[in-house]
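The sequence and structure are shown first.

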Amino acid sequence: MTDRLAELSATGVAVWLDDLSRVRLTTGSLDKMRREQHVVGVTTNPTIFAKALADADAYDEQLRDLGTQGVTVEEAVRLLTGYDVRWACDVMRPAYDASGGVDGRVSIEVDPRLAYETAKTAAEARTLWWLVDRPNLFIKIPATEAGLPAITATLAAGISVNVTLIFSLERYKAVMDAFLSGLEQAKANGHDLTKIGSVASFFVSRVDTEIDKRLDKIGTDEAKAMRGKAAIANAQLAYEAYTEVFATDRWQKLADAGAHPQRPLWASTSTKNPDFPDTIYVEELIAPGTVNTMPESVIFAFEDHGTIRGDTVTGAYESARKVLADLAALGVDYDDVVRVLEEEGVEKFEASWVELLDSVGKSLRAAAQGAAHPSDAAKGA
């Protein structure tokens, strides 16, 4: 039987799971995927945690304790999500050790409401780092303009970072510059660069969703023929930028000091359009030194019927440039697309965070009321 995920890993693509929940931890599902589906990392976001807490009673006991203590909603969310991420870090520790600290990473995101506040983002990153207290943790920081200096400051403190919500090539280059600056400062601060990791989460399917919507409005045959091409081309050109930056003398000095490169991570890899193959954003973005973080459904789909044609990125730069040029000729404004996607990305995570706060707040209030009436609490009220 073909082990497609093992073959994918052998091409240099690290398979990460884009999901986490208390149920996944208590049932051993995550550990099973590490052992059987070659999963070597985990990403989370506010939407994932909002769904996890809404769908399961696995958090009830901890919520009752926190409610009885009278902690704030924000602190309760930190403690609940931090607990899950710490546990996941322990589950993924074998992958971390086996890869010399490159894989086996688990991400936790700063409060998305801070996306446009540099100092508060950096402070939240430091708080989450000591709260979870695991060497294989990643702190997720959005690649907003305000996020860039926070990324540098966090890395300079010796903290590993997953940069999220990257949509544009220009912003991705700024992210890599922030990474290099952070490592240079970390080195000057006396930190061991071999312990610091980073990935840059370049979003994929959302680009097609936004651009295809605009192509449908244009409505010509030429426009319709371009549907489903933009996201892959955009990511391919991002990989070209990655290879260029990590071939510079500036990077080589850091590599000589033991630094690991900031790998491109393909995020948002589930297919939003049912007309497209369900594994398209895996098959078309195979390149060495990358991460593909997938929902469980995509991992199992690739395991079942994924196709590996070798490196599908490095030979495609010219055709990718032509895709973006053809889109521009049709009237698709790339700069406006990526601006909209970044703003919407922050808004969506903020909405999920508020949903998470509301859900936890209701549970805390119910727990506090139960504590005030012990007889009711004993009955499960």
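Which element gives the most to the lining of the second largest cavity? In this predicted model, that element is H18, with 3 residues.

**Enclosed cavities**

The structure holds 2 cavities of 30 Å³ or more. The volume of the second largest cavity is about 40 Å³, and its lining consists of Glu109, Pro112, Ala115, Pro142, Leu165, Gly345, Val346 and Phe349. Divided by class, this lining has 6 nonpolar, 1 polar and 1 charged residues.

The largest cavity contains about 80 Å³ of space. Asn45, Pro46, Phe49, Val77, Arg78, Thr81, Ile108, Glu109, Glu124, Leu128 and Trp353 form its lining. At least two lining residues come from each of H4, helix H6 (73-91), strand S3 (105-109) and helix H8 (118-132). H6 gives the most to this lining, with 3 residues. The classes represented are 6 nonpolar, 2 polar and 3 charged residues.

**The largest pocket**

The largest pocket holds about 700 Å³ of space. It is lined by 34 residues, of which Asp18, Asn45, Thr47, Ile48 and Arg206 are the closest to its centre. Two or more lining residues come from each of helix H4 (46-55), strand S6 (198-203), helix H11 (205-218), S7 and helix H18 (334-372). The lining comprises 11 nonpolar, 12 polar and 11 charged residues.

**Selected residues**

| Residue | Location | Relative accessibility |
|---|---|---|
| Leucine 165 | strand S5 (residues 161-166) | 3% |
| Tryptophan 251 | helix H14 (residues 249-256) | 6% |
| Serine 268 | loop between strand S7 (263-267) and helix H15 (280-283) | 11% |

Is leucine 165 buried or exposed? Leucine 165 counts as buried because its relative accessibility, 3%, is under 20%. The backbone of leucine 165 has a positive phi of about 60°, although leucine 165 is not a glycine.

At 11% relative accessibility, serine 268 counts as buried. Which side chain makes a polar contact with the side chain of serine 268? The partner is the side chain of serine 205, at 2.6 Å. Beyond four places in sequence, serine 268 touches Phe203, Val204, Ser205 and Arg206.

Tryptophan 251, in helix H14, is buried with a relative accessible area of 6%. Neighbours within four places in sequence aside, tryptophan 251 is in contact with Phe179, Leu180, Leu183, Val245, Phe246, Ala259, His260 and Pro261. How far apart in space are tryptophan 251 and threonine 118? The C-alpha to C-alpha distance is 25 Å, and the two are 133 residues apart in sequence.

Note on methods. Residues are numbered from 1 along each chain as its sequence is written. This is a predicted model: local features need pLDDT of at least 70, side-chain atom pairs count only at pLDDT 80 or more; totals for chains, interfaces and linings use all residues. Side-chain values use heavy atoms; hydrogens and water are left out. Helices (H or I, at least four residues) and strands (E, at least two) are DSSP runs, numbered from the N terminus. Buried means under 20% relative accessible area, exposed over 50%, partly exposed in between (1.4 Å probe, protein chains only). A polar contact is a pair of N or O atoms within 3.5 Å; within protein, one must be able to donate a hydrogen and the other to accept it, and residues adjacent in sequence count only if both atoms are side-chain atoms. Contact means heavy atoms within 4.5 Å. On a 1 Å grid over the protein atoms alone, a cavity is a set of points where a 1.4 Å probe fits but cannot get out, and a pocket is an open set with protein on both sides within 12 Å along at least five of seven lines; lining residues have an atom within 4 Å of a point. Grid points are joined across faces, edges and corners, and a volume is the space filled by probe spheres set on the points. Ala, Val, Leu, Ile, Met, Phe, Trp, Tyr, Cys and Pro count as nonpolar, Asp, Glu, Lys and Arg as charged, and the others, Gly among them, as polar.
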